[in-house]
Amino acid sequence: MQLRDFLPKIVNGDILGTLQKLDAIESNLEKKEEEVQQLRMDCEHFKARLETAQADCMREKKEKLDLRQQLNEAKQQLLQQAEYCTEMGAAVCTLLWGVSSNEEAVKTILGGSKAGKFFTITAQTMESFVKSLSEDMKQQDLDSDENQFVLALAGIVTNVAALACGREFLVSSSQELLDTMMHLLGDMKPGLCNKFKVLMLMSLYNVSINLKGLKYISESPGFIPLLWWLLNDPDTEVCLHALRLLQSVILEPEVLARTAPEMRDTLPFQRILALSKSRNADLQALAKELLEDLKIFEYEA
């Protein structure tokens with residue numbers, strides 16, 4: 001009878017507690033399911049974004065590869081065009097070098113509308129060539145198209161300057177070219193590009209035959225130190241033509257009067273004396289002549 005009275009109370013209490021716990025667990029489970037569902041949705045969202053990003057990345061990689069290929073093709077085309085232009089320039093200017101030995105041909109060239117532009121481009125090409133020379137270069141490839149190109153250009157200038165009308169044109173309309181040649185002669189290392197140096201020195205000497213040309217050259221900043229620099233070149237032809245240019249200055253009284261103070265203080269007399277004993281007959285003879293001319297400075301051997 002006691003069990004019958006108390007058992008329902010005990011069982012009901014346990015059941016109620018259990019039911020409450022079960023409700024709480026079910027509630028938590030529902031929340032967890034909702035969280036899991038949200039995480040799945042977030043995962044799907046991020047997965048979609050990842051796939052989109054991967055597709056964009058692949059597309060960009062392909063675009064970059066295509067652009068790189070186009071760039072390489074463009075570089076190759078530019079290289080081929082540069083080589084072609086150099087070959088063409090070397091061929092045409094070599095032909096023009098030969099033609100420029102004819103006085104009438106030079107007059108025709110100078111009478112054209114492109115003469116000034118040609119000598120401007122000549123100065124730019126010479127400067128670009130010298131800048132391209134390697135710092136550790138021991139000798140120049142004389143057979144290269146680049147070398148033949150600038151040699152031909154320098155040869156054309158030399159032939160043009162050999163004529164009175166050419167000298168006048170260069171002094172009046174192509175001073176930039178004269179400045180460039182003097183600058184490059186000072187920039188190039190001794191013993192390098194000797195033929196190119198000789199042609200530029202020959203051009204400057206030819207221009208110096210014109211009094212206005214000699215004045216312009218001799219008044220150029222650093223001209224006298226440039227001559228001393230060139231006189232120490234190991235190549236005899238370079239020294240020979242540097243002496244010829246120096247002689248032009250000494251033999252013109254008006255120019256000598258202006259340059260005499262600087263020359264008297266810095267003249268490398270011992271070097272000229274050494275050149276007067278050179279095994280090269282032309283260099284020896286010119287150096288001896290110059291020593292006679294230099295007696296105006298009261299130097300003694």
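Contact, in this talk, means heavy atoms within 4.5 Å.

Now the ground rules. This is a predicted model, where local features need pLDDT of at least 70, side-chain atom pairs count only at pLDDT 80 or more, and totals for chains, interfaces and linings use all residues. Residues are numbered from 1 along each chain as its sequence is written, and side-chain values use heavy atoms, with hydrogens and water left out.

Overall picture. The protein chain has 13 helices and zero strands. Its C-alpha trace spans about 155 × 45 × 35 Å along the principal axes. The radius of gyration is 43 Å, whereas a compact globule of 301 residues would come out near 19 Å. That radius is taken over C-alpha atoms, and the globule rule is 2.2 Å times the number of residues to the power 0.38. Of the 301 residues, 35% count as buried. Buried means under 20% relative accessible area, exposed means over 50%, and partly exposed is in between, with a 1.4 Å probe and protein chains only. Take the contacts with a separation of 6 or more: 72% of them join residues 24 or more positions apart.

On to helix packing. Two packed helices are described by the angle between their axes and the distance between the axes. Axes here are lines fitted to C-alpha atoms, for helices over the stretch in contact, and angles run from 0 to 180 degrees between N-to-C directions. Under 35 degrees counts as roughly parallel, over 145 as roughly antiparallel, 65 to 115 as roughly perpendicular, and the rest as oblique. For handedness, a crossing is left-handed if the near helix is turned anticlockwise from the far one by less than a right angle, and right-handed if clockwise.

Start with α9, residues 223–231, and α10, residues 236–250. Their axes come within 8 Å and cross at roughly 150 degrees. The two are therefore roughly antiparallel to each other. The crossing is left-handed. Which residues meet there? From α9 come Phe223, Leu227, Trp228, Leu230 and Leu231; from α10 come Val238, Cys239, Ala242, Leu243, Leu245, Leu246 and Val249. By class, that contact of α9 with α10 is 12 nonpolar, no polar and no charged. The classes: Ala, Val, Leu, Ile, Met, Phe, Trp, Tyr, Cys and Pro are nonpolar; Asp, Glu, Lys and Arg are charged; the others, Gly among them, are polar.

Stay with α9. Is this helix mostly covered or mostly open? Mostly covered: seven of its nine residues are buried. Those are Phe223, Ile224, Leu226, Leu227, Trp228, Leu230 and Leu231. Their cover includes α6, α7, α8 (211–218), α10, α11 (253–266) and α12 (269–275).

Next, α6, residues 175–187. Two partners to discuss. With α3, residues 115–132, the axes come within 9 Å and cross at roughly 15 degrees. That makes α3 roughly parallel to α6. This crossing is left-handed. On the α3 side, Phe119, Thr120, Thr122, Ala123, Met126, Glu127 and Val130 make the contact, and on the α6 side, Glu176, Leu177, Thr180, Met181 and Leu184.

With α7, residues 194–208, α6 packs at about 135 degrees, axes 10 Å apart. That makes α6 oblique to α7. Left-handed here too is the crossing of α6 and α7. Leu178, Met181, Met182, Leu184 and Leu185 of α6 touch Lys197, Met200, Leu201, Ser203, Leu204 and Val207 of α7. By class, the contact of α6 with α7 has nine nonpolar, one polar and one charged residues.

Cys193 sits in the loop between α6 and α7. Most residues other than glycine have a negative phi. Cys193 is not a glycine, yet its phi is positive, about 55 degrees. At 8% relative accessibility, Cys193 counts as buried.

His183 is in α6. Its relative accessibility is 44%, so His183 counts as partly exposed. From His183 to Leu294 is 111 residues along the chain and 26 Å between C-alpha atoms.

Last, Lys277, in the loop between α12 and α13 (281–293). Buried or exposed? Lys277 counts as exposed, because its relative accessibility is 64%. Lys277 and Leu246 lie 31 residues apart in sequence and 18 Å apart in space, C-alpha to C-alpha.

How values were computed. Helix = DSSP H or I, 4+ residues; strand = E, 2+ residues; numbered from the N terminus.
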